[in-house]
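I opened this model to look at a surface patch and at one of the helices. My notes follow.

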Amino acid sequence: MQKTFRWLFPHPLLTLLLAVIWVLLQNQVSAGMVVFGLILGIIIPRVTAVWWPDRPYDIRFGRMVSYVIIVMWDILVANVQVAWIVLTRPNSKLRPAWVVVPLDLRQPEAISILAGTITLTPGTVSADLSSEGHSLLVHALDTDDPDAVRDQIKERYERRLKEIFV
């Protein structure tokens, strides 16, 4: 039974996400749109499953919810901080820095979420992933301590992602 479920729903979260996005794109909720969204949500991941051989199955969704809340809070706080920096400091007073963040994560999905989180947070941008996937190059808009930026990324985001993707 479980093998059949995994064959039919290789990415259950993606199935649900595709169905919800379909209904949102249609701008109306009806039984037909929900059913068609579910059909798309089943077919698309099933057809593309061959290109996802190492998909993570053991994801802790409860921890993912807390991670999303933390990221949303950090985005809100960083927006205020960046607005303050832009409005009160001339460009010549900015202290930009390139920061290399060594990664303990190995799952591509977790690394993508980390890179996306860094880029979504104003003031930082993920610029590059090393060819072997062991470090991430991050640009910080204004910092006097690049090591603190690295440590904050590892403690605040990477540690939590390691707990989510077991």
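Is I43 buried, exposed or partly exposed, and why? I read a relative accessible area of 45% for I43 in this predicted model. Buried needs under 20% and exposed needs over 50%, so I43 counts as partly exposed.

I then placed I43 in the chain: the residue lies in helix α3, which runs over residues 31-48. I43 also belongs to a nonpolar patch on the surface. I listed the other members as V35, F36, I39, V47, V50, W51 and W52. With I43 included, the patch has about 820 Å² of accessible area together.

Next I checked V34, which is also in helix α3. V34 has a relative accessible area of 34% and is partly exposed. Leaving out residues up to four places away in sequence, I found V34 touching V23 and V29. I also looked up the separation of V34 and L129: they are 95 residues apart in sequence and 38 Å apart in space, C-alpha to C-alpha.

Last I turned to helix α4, residues 61-88. I noted 28 residues and a reach of 40 Å from the first C-alpha to the last, close to the 40 Å expected at 1.5 Å a residue.

Which residues of α4 are buried? I noted M64, Y67, I70, V71, D74, A78, V82 and I85. On spacing, I recalled that an α-helix has 3.6 residues a turn, so residues three or four places apart point the same way. For the cover over the buried residues of α4, I noted that it includes α5 (108-120) and α6 (146-164).

Methods. Residues are numbered from 1 along each chain as its sequence is written. This is a predicted model: local features need pLDDT of at least 70, side-chain atom pairs count only at pLDDT 80 or more; totals for chains, interfaces and linings use all residues. Side-chain values use heavy atoms; hydrogens and water are left out. Patches are made of residues with over 30% relative accessible area and no salt bridge: like charges are joined within 9 Å, nonpolar side chains (Val, Leu, Ile, Met, Phe, Trp, Tyr) within 5 Å. Accessible areas come from the Shrake-Rupley method with a 1.4 Å probe; for residues, only the protein chains shown count as cover. A salt bridge is a side-chain nitrogen of Lys or Arg within 4 Å of a carboxyl oxygen of Asp or Glu. Helices (H or I, at least four residues) and strands (E, at least two) are DSSP runs, numbered from the N terminus. Buried means under 20% relative accessible area, exposed over 50%, partly exposed in between (1.4 Å probe, protein chains only). The expected span of a helix is 1.5 Å times one less than its number of residues. Contact means heavy atoms within 4.5 Å.
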